[in-house]
Amino acid sequence: MKRQTVLHPGLNLGSADEYSHAQSEPVIFGFWVFLMADLVLFAILFATYASMSVQGQAGGPSPTDVFDLPSAFIETMLLLGSSITFGMASLALKYKADRLHLVLWLLLTFCLGAGFIGMEVRDFWIMMQQGAVPQRSGFLSAFYMLVATHGLHVTAGLLWMIILLVQLRVLGRTTAVKLRLMRLALFWHMLDIVWVCIFTFVYLFGVAL
Amino acid sequence: MGTLTPQDISFVQTFENPVMSEFIDGAAGSVLVLGIITVTVLLTYYRGWKALWFDWLTSVDHKKIGIMYIVVSFVMLARAIIEGVLMRYQQSIAVNDPGVLTPDHFGQLFSTHGSIMIFFMAMPFITGMINYVMPQQLGARDVSFPLLNAISLWLTAAGAALVMISLVVGKFSTGGWTAYPPYTGIEFSPGEGVDYWIWSISLTSIGSTLTGVNFATTIYKNRAPGMTLFRMPLFCWTSLCTSVLMIFAMAPLTIATLMLALDRYAGFHFFTNDLGGNMMNYANLFWLFGHPEVYILILPAFGVFSEVISTFSGKTIYGYKSLVVATMSIAVLSFTVWLHHFFTMGQGANVNAIFGIATMLIGVPTGVKVYDWLLTMVRGRIRLTTAMLFSIMFLVTFVIGGLTGVILANPPVDFAVHNSLFLVAHFHNMVIPGVLFGMIAGYQFWFPKAFGFRLAERWGKASFWCWSIGFYLTFMPLYALGLMGAMRRTVEWFRPEYLGWLQVAFVGALLLFSGFIFLCVQLVVSVRQRDQRRVPAGDPWDGRSLEWSNSAPPPEYNFAVIPEVSGQDAFTRLKEQGKAYVSPATYEDIAVPKNSIVAPVIGVGAIGLGFALVWHIWWLVAVSFVIIWGAVIARSFVAETERVIPASKVRADHEAWLAQVRECATTPREQEDTSTNVGRAEVLA
């Protein structure tokens, strides 16, 4: 029985390098499975938020009182932009022989991601100044838990990116480093999707309802 | 040192307050400390440290990791079973009498007993069993991510270590294994106990999630050529379903424990009584994990029973596809019934009815399985080995437990017996035969494969009778007591008519403990007689799947040449076609993963992290966190993670083994338990 060879899009291991492709298959597949487990975690945070955002305000601030929609919109644009630039980095990984394109796109992604985190921290800071601290109500506990878990994921992604930039320099474009870049890309795009859900269900619904 | 004071050491407490309950606590701590000292002395005396470090602790070989998981689970079983006996003793004397244990100590006992039995006995046991067997059954050389596997082991071990540390330093939670808030919130449980629970459970739940990812990837991507999904042994199918459940069901637990931690450490309001907290969310999250967890534990045992019954009946398993479909159905249905754990908590009749019906539905695929196992035995050549005895006793006992489960699935009945000893009897009736008997059967079954010699059947059977009779004596009275109104987790009774039942249950508990002791005796006796019990040819039971086709113990790369699979019962097929033990035409170099220090470092860091969080030692929290992630990052810079075993060495070892096998006399099934059984089965045409 012949098994079909799966060539992963974005991975430039050389078309004849069947061994590396075979090796990379479980790695990428396993990472998808891990992302699934991670998404279950977010799903539960969303469910918790849904059950507490209205019921758990405890006479404290409501979403309309504390959410800064323009700021959340800019954050959304930054993160979506960073997904595009990471997409360009993935293309550079596959089609450009030089390291410069790849590194530049990654650096741009890093700046956009860091900008997102910076703005998020600023939002949190302003909310806390207004007394909307997580200790105030169940709604705010759930809000900070959900949004900050996403923020921590993005921060972890940024650290990961730094490490991979170092590895690109130290180890070069080895198969292992390429596979790590691919996995970081998947991780990054997943966080984007999660943020789109946060923006929609937390911020837009929160202010509209 | 944070909130840690000398008064938290259990010996100091015993010294300052010398009452019986404290003596028991101090004695338990002493046993732990003495155990650690004994092991240290023995290792030093026999110069075992080097072997321990290089052959075991830093190993990423799935077989060794599997064995280490099972060692952890045996150690934890020893503690939790003694706790069970102690609780039965307390209850059997505490009728109109305070007994020997204080309520607080009793609360710690039922909390650690439950938490250990689920998270640190059953989980490591099934994970270890899958780790050892599944890759070999698939014809694979290892799991997909060997290092991740070791990290999972160390995270679980770190959680277990925290529970053990709580025996000596501080107290454990009194909130039961479910740790429902608001009781476990900071207001009602201000001490360190709940924090011990939170961090030990969090560590092991993360470990189990990673294990699930690893096993699922292995089963999907690492099968030998020709090993299609529907040719896999059933144990692999149940492992797959368990892995999928781990991937989906561990996250709710991790989140629930972290939210509880935020409530306790940072004043959040997830589960508090005031300011918008809602403990029902905890109940939902916990059981969203907790019910699938039952099947995470029980499905691998179902897999073991399928293998054992089929092998010791000398027949292909009956209704293979129906067993696969039943396993899958159970896995899916397990996510639809969590609410039956809290029927009484105010969802309303219609919601309860839906979940009650869903619960009863699970009986259908489980029933299919029971019939399949029975029909596998029909007209088979049945050998009543220890493993088979445990499997048969499982069938009988589990059906009784299932029936009481269907009774409990009726919300009105559940209202009447909720939280009573009837419930305690029911879930022990599922989990002891369903998980523990399965794991013991698997241990008896695969032990010769792992260590190269058979276990002593005589002691195994003695253990079997103790476990079986002990089970009925202990838990049948609890059904009656539950119906008489006895509630669970009660430290003192005021109804004299309970006395007789409780005393019978205590006798049963002693028998269960003897069952455990006999298992230990069996191990010691077998190790002593190992030279008469060796099975170098590797196939002592006329096995049917690929793990029996290599030597016992297997080489670290499992298979000298990856086998080609042409159908179900792959090894039986090879034997019948005369293709077993045939020299392969060519050998290739084999790359195996190198040992790694990363997993033990992460494990030590995790123990430090958990301990520091429990005692609010913030600098140690920071240091441990940096150690854990520093190890991960440092590892990613290591380029050479594999070493190559040259083809010539593989050839020499394999050919030597094949020559040895060809010289071995074949054993007819009747002489399985005699020294003539050297692991080469007689093949009947």
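This is a predicted model: local features need pLDDT of at least 70, side-chain atom pairs count only at pLDDT 80 or more; totals for chains, interfaces and linings use all residues.
User: What share of chain A is buried?
Analyst: The C-alpha trace of chain A spans about 65 × 40 × 25 Å along its principal axes. A residue is called buried under 20% relative accessible area, exposed over 50%, and partly exposed in between, using a 1.4 Å probe and protein chains only. Of the 209 residues in chain A, the buried share is 51%.

User: Among contacts in chain A between residues at least 6 apart in sequence, what percentage joins residues at least 24 apart?
Analyst: A contact means heavy atoms within 4.5 Å. Taking the chain A contacts between residues at least 6 apart, the part that joins residues at least 24 apart is 78%.

User: At roughly what angle do helix 4 and helix 6 of chain A cross?
Analyst: Two packed helices are described by the angle and the distance between their axes. Here each axis is a line fitted to C-alpha atoms, for helices over the stretch in contact, and angles run from 0 to 180 degrees between N-to-C directions. The axes of helix 4 (residues 100-129) and helix 6 (residues 175-208) of chain A come within 14 Å, and they cross at roughly 35°.

User: Is that crossing of helix 4 and helix 6 of chain A left-handed or right-handed?
Analyst: A crossing is right-handed if the near helix is turned clockwise from the far one by less than a right angle, and left-handed if anticlockwise. For helix 4 and helix 6 of chain A, the crossing is left-handed.

User: Which residues of helix 6 of chain A meet helix 4 of chain A?
Analyst: Helix 4 of chain A brings Leu102(A), Leu106(A), Thr109(A), Gly113(A), Phe116(A) and Glu120(A). By class, the contact has six nonpolar, two polar and one charged residues; Ala, Val, Leu, Ile, Met, Phe, Trp, Tyr, Cys and Pro count as nonpolar, Asp, Glu, Lys and Arg as charged, and the others, Gly among them, as polar. From helix 6 of chain A come Leu181(A), Trp188(A) and Trp195(A).

User: Which residues touch the most other members of the largest nonpolar core?
Analyst: A nonpolar core is a set of buried Ala, Val, Leu, Ile, Met, Phe, Trp, Tyr and Cys residues joined through side-chain atoms within 4.5 Å. The four with the most such neighbours, out of 248 residues, are Phe143(A), Tyr203(A), Trp373(B) and Trp467(B). The largest share of this core, 18 residues, comes from helix 9 (residues 279-313) of chain B. To name the four again, they are Phe143(A), Tyr203(A), Trp373(B) and Trp467(B).

User: What is the relative accessible area of Ile309(B)?
Analyst: Ile309(B) is found in helix 9 of chain B. Leaving aside residues up to four places away in sequence, Ile309(B) touches Trp373(B), Thr376(B), Met377(B), Met388(B), Ser391(B) and Leu395(B). Ile309(B) is buried, and its relative accessible area is 0%.

User: How many disulfides are there over all chains?
Analyst: A disulfide is a pair of cysteine sulfur atoms within 2.5 Å. The sulfur of Cys236(B) is 11 Å from the closest cysteine sulfur, in Cys241(B), so the two are too far apart for a bond. Over all chains, the number of disulfides is zero.

User: In which loop is Pro553(B) found?
Analyst: Pro553(B) is joined to Ala552(B) by a cis peptide bond, with omega about -5°. Pro553(B) is found in chain B, in the loop between helix 16 (499-528) and helix 17 (570-576).

User: What is the phi of Asn419(B), roughly?
Analyst: Asn419(B) lies in the loop between helix 13 (411-417) and helix 14 (421-451) of chain B. Asn419(B) is partly exposed, with a relative accessible area of 32%. Although Asn419(B) is not a glycine, its phi is positive, about 60°.

Terms used: Residues are numbered from 1 along each chain as its sequence is written. Chains are lettered from A and ligands numbered from 1 in the order in which they are written. Side-chain values use heavy atoms; hydrogens and water are left out. Helices (H or I, at least four residues) and strands (E, at least two) are DSSP runs, numbered from the N terminus.
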